[in-house]
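Please look over the helices of the structure shown here. How they pack and what covers them is the topic.

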Amino acid sequence: MTGRAPAPVTVRVQTDDFDIAAETARLTDGQAAAGAIVTFTGLCRDEGGRLSALELEHYPGMAEAEIGRICHEAVERFSLLGIAAIHRVGRIAPGENIVLVIAAAPHRHAAFDGASFVMDYLKTSAPFWKKEHFSDGSEGGWVDAKESDDRARGKWS
């Protein structure tokens, strides 16, 4: 037992955009032991101009629970001082934020690893689905999982 308070874990799934600076300040408030803060922001790409939006859906309750499980595992595994994971749902245009992960740790390697771990597991384990909407007005299908995401997750085994 280290005697320190449990590391704060913030998990949200929301339609509204997030404020990266405000979320970072919220996570790091009172974290005098933090020597490193790593933020990752995932954005919607336009796929060379062919995409007008991504539509993201999730399994309410289950998505938040799975992201929470992943974040708690990251806290334990990398001795993080805190972590936040915010994922948007709904229709998201190119250039808009999709996901934010913030990891606070005493040292940079733990913060980088914690944020990377959460993203790799979030991409493969959290129940989210993406549908493409094209610039010509047509609608694509639901996007399949990528082998590269599974390989990235595999490095943590």
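The questions below concern a predicted model.

Q: Is the crossing of α3 and α4 left-handed or right-handed, and how do the residues of the contact divide?
A: The crossing is left-handed. On the α3 side the contact is made by Asp120, Tyr121, Lys123, Thr124 and Ser125, and on the α4 side by Asp149, Asp150, Ala152 and Arg153. These residues divide into two nonpolar, two polar and five charged.

Q: How far apart are the end C-alpha atoms of α3?
A: The helix has 18 residues, which at 1.5 Å a residue should span 26 Å. The model agrees with this, with the end C-alpha atoms 25 Å apart.

Q: What covers the buried residues of α3?
A: The buried residues of α3 include Ala110, Gly114, Phe117, Val118 and Leu122. Asp120 and Tyr121, which take part in the contact with α4, are also buried. The cover includes β2 (36-43), α2 (62-78), β4 (82-88), β6 (97-105) and α4.

Q: Which residue takes a positive phi just after α2?
A: Among the buried residues of α2 are Ile67, Ile70, Val75 and Phe78. Just after this helix, a positive phi of about 50° is taken by serine 79.

How values were computed
Residues numbered from 1 in each chain as written. Predicted model: local features only at pLDDT ≥ 70, side-chain atom pairs only at ≥ 80, totals over all residues. Heavy atoms only, no water. Left-handed = near helix turned anticlockwise from the far one by under 90°. Helix = DSSP H or I, 4+ residues; strand = E, 2+ residues; numbered from the N terminus. Contact = heavy atoms within 4.5 Å. Nonpolar A, V, L, I, M, F, W, Y, C, P; charged D, E, K, R; others polar. Expected span 1.5 Å × (residues − 1). Buried < 20%, exposed > 50% of the residue type's maximum accessible area, 1.4 Å probe, protein only.
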